[in-house]
Every structure is written in structure tokens, then in C-alpha cells.
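Hello,

Here is the structure I said I would pass on.

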Amino acid sequence: MAVLGNPKNTIEILQKYEFHFQKKFGQNFLIDVHVLDKIIRAAEITKTDFVLEIGPGIGTMTQYLCENAGKVMAVEIDDSLIPILKDTLSEYNNVSVIHGDILKLDLNRLVEEENNGKPIKVVANLPYYITTPIIMELFEKHVPIESITIMVQKEVALRMAAQPGNKDYGALSLAVQYYSEPYLVANVPPNCFMPRPKIGSAVIKLTRFKEPPVKVKDEELLFRIIRASFNQRRKTLVNGLRNSSDLSFDKEQIIAAISKLNKPDTVRGEAFTLQEFAEFTDYLAKEI
Ligand code: SAM
């Protein structure tokens with residue numbers, strides 16, 4: 001089986017199986033070996049690693065992963081790609097393909113069964129329509145993970161890595177940075193994919209923290225407060241939280257918690273660091 005990471009071999013496989021791209025599954029296949037190399041290098045895959053690939057497509061990156069990892073598990077939703085993967089991965093005996101929806105699998109159970117519960121590495125050129133739900137599922141369900149190295153929309157990568165005061169800083173930055181250390185690996189232009197996406201992409205590596213960098217008594221309340229703070233970006237923190245249907249703090253309670261952090265009551269959520277959100281949440285939790 002020919003190596004797939006170039007346009008010629010990719011087209012050959014697509015024609016052989018009369019494959020039609022499905023927009024609804026976010027299908028943009030990688031056709032650039034340099035990008036594939038960069039992803040594998042950034043993920044630091046070794047023969048002792050168990051790798052979960054989300055959305056293998058026709059198996060382009062999967063072949064690279066099989067060459068470098070101990071074991072690979074690839075989860076693909078599209079029926080018509082399953083016979084293709086059987087063909088393109090036929091030379092490898094360290095891969096299993098699961099036909100299913102990544103958001104419906106019990107990943108904790110899979111890691112327990114397949115890797116004795118030891119942390120795995122996730123590598124993927126993600127379907128962009130469900131990037132955030134996938135990342136949050138992996139983090140919030142506490143799936144044992146060492147790192148996540150993924151291709152995402154460039155704009156999403158910037159949001160994940162943004163710091164307070166930056167225009168891209170928001171609920172996604174805080175969620176990602178509560179669980180992991182983000183590192184922007186590379187920008188990837190549309191011509192590295194087939195078909196070409198309209199927007200630029202980027203590879204980002206999220207290295208999972210063993211412990212979150214801040215301590216908070218009620219993790220769930222922290223994220224409800226963060227989401228409410230950024231729901232209405234131009235509003236002050238006080239108004240954002242008061243208008244949230246998910247929280248029931250009154251104005252005085254919110255202002256009192258803000259003043260404990262020595263901030264003015266006109267402060268906006270985008271000025272708070274993760275540490276400040278954690279302290280703010282602990283103050284408000286006392287009011288419940
Ligand atoms: N990894 C391949 C590559 O780089 O060429 C394909 C990447 S393509 C951007 C995204 C892949 O995810 C497609 O193969 C698509 O069918 C698959 N996919 C979309 N939604 C999925 C889901 N919910 N669960 C599993 N796979 C999914």
C-alpha cells in the first residue's frame with residue numbers, strides 16, 4: 001500500500017472507492033507530508049505510546065501513527081471510509097478501527113480496557129464542526145490523557161492559547177488552560193488539504209496538567225461563572241452574571257466578591273486571570 005500523504009496517492013484511493021466527501025462530517029483530508037511529520041514530531045510519539053486518532057479519514061495520518069506508536073485506535077464515523085481504512089491500513093497489526101461517533105463512546109472504559117487505564121496520547125486532524133465538544137469531553141470526563149495534538153481552525157487555536165487582555169481570550173481559553181498547557185505548533189494553509197477549507201488551520205498541542213494550576217472548591221461552579229462572564233462580551237462582569245439564567249447571585253453579592261479581588265465593579269470578565277476566576281468563584285460559593 002502506497003503512503004498516502006500526497007495528492008496523487010490520495011486521489012487514487014478516492015477514485016478506487018468512488019468516495020464522495022461529506023461536508024456534514026467536516027472532511028478535509030491532509031495531503032502534505034511535511035505537515036504530517038510536524039504533527040507526529042510535536043506529539044512525540046514513541047513505540048511505548050497508545051494513540052487515539054479521532055477521524056482517520058482514509059488513514060493518511062493513521063499510517064504515520066502506526067509506524068511510530070505502539071498501538072493506535074482510530075475512531076471514524078463515516079461508513080464509507082471503513083472499507084477504505086481496511087485497505088490502507090492492511091499492512092499494520094498495531095491498529096484497531098472503531099466505527100462510531102467519538103462523542104458517543106465511553107472513552108474512559110476504552111482506555112481502561114485497551115491501555116489498562118494508563119494515559120494515552122490523542123492525535124487528530126479534527127472535524128471542525130465539533131472541535132470544542134470533543135476537547136471538552138476529553139477534559140471534563142477526565143479521560144486519562146498525556147497530550148492532545150490536533151489540527152483545528154487557526155482562530156480556535158488562537159482562542160485556546162490566548163491570555164487575559166487579548167481579543168481572543170474567553171471561556172475556551174480558560175477551560176483549555178485549566179486542564180492543559182497549550183503550545184502552538186504550526187500554521188497550516190488551506191492548500192495542505194483536500195478539499196481546501198475556506199479558512200486557515202493550525203496545529204496545537206495541549207499537554208495535560210497532572211493537577212490544575214489553580215485550586216477551586218467547586219469546579220463546576222467555576223465553569224458556569226466563566227461561561228456566564230463571556231456570554232455577553234461587552235457587558236461588565238456584574239451585568240453578565242446578573243443576566244445569566246444559569247446563576248442566581250444578586251448584584252450586591254457579585255460586587256462584594258469583585259471588591260475582595262481589589263477590582264472595580266465595572267470590571268469585565270476578559271480582565272480576570274484563571275487564578276482570579278478561581279478566587280472569585282470561592283467567594284461566591286460561600287453565598288450559596
Ligand atoms: N485524519 C484525516 C486526514 O487528516 O486526512 C481526516 C481528517 S477530516 C478533517 C475529519 C475526519 O473526522 C473525517 O474522516 C470525518 O469523517 C471524521 N468525523 C467527523 N465527525 C466524527 C465523529 N463525530 N466521530 C468520529 N469521526 C468523525
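**Ligand site and aromatic pairs**

The ligand sits in the largest cavity. Please keep in mind that this is a predicted model.

Let me start with the shell around the ligand. There are 23 residues around the ligand, and L30, G55, E76, N125 and Y129 come nearest. By type, the shell divides into 12 nonpolar, 7 polar and 4 charged residues. Two strands that each supply at least two residues of this shell are β1 (29-30) and β3 (71-76).

At I102, a polar backbone atom is 3.0 Å from a nitrogen atom of the ligand. For I77, the distance from a polar backbone atom to a ligand nitrogen is 3.4 Å. At P56, a backbone N or O atom lies 3.5 Å from a nitrogen atom of the ligand. As for cover, the ligand taken alone exposes 590 Å², and the protein buries 99% of that.

Now to the aromatic residues. The structure holds 11 aromatic pairs. One of them is formed by Y178 and F223. Why does this pair count as edge-to-face? The ring centres of Y178 and F223 are 5.3 Å apart and the planes stand at 85 degrees, over the 60 degrees that edge-to-face requires, so the pair is edge-to-face. This pair also links distant parts of the chain: Y178 belongs to helix α8 (residues 171-179) and F223 to helix α9 (residues 219-231), with the two residues 45 residues apart.

Conventions. Residues are numbered from 1 along each chain as its sequence is written. This is a predicted model: local features need pLDDT of at least 70, side-chain atom pairs count only at pLDDT 80 or more; totals for chains, interfaces and linings use all residues. Side-chain values use heavy atoms; hydrogens and water are left out. A residue is near a molecule or strand if one of its heavy atoms lies within 4 Å of it. A polar contact is a pair of N or O atoms within 3.5 Å; within protein, one must be able to donate a hydrogen and the other to accept it, and residues adjacent in sequence count only if both atoms are side-chain atoms. Accessible areas come from the Shrake-Rupley method with a 1.4 Å probe; for residues, only the protein chains shown count as cover. On a 1 Å grid over the protein atoms alone, a cavity is a set of points where a 1.4 Å probe fits but cannot get out, and a pocket is an open set with protein on both sides within 12 Å along at least five of seven lines; lining residues have an atom within 4 Å of a point. A molecule sits in a cavity or pocket if more than half of its atoms lie within 2 Å of its grid points. Helices (H or I, at least four residues) and strands (E, at least two) are DSSP runs, numbered from the N terminus. Ala, Val, Leu, Ile, Met, Phe, Trp, Tyr, Cys and Pro count as nonpolar, Asp, Glu, Lys and Arg as charged, and the others, Gly among them, as polar. Rings of Phe, Tyr and Trp (its six-membered ring) pair if their centres lie within 6.5 Å; planes under 30 degrees apart count as stacked, over 60 as edge-to-face and the rest as tilted.
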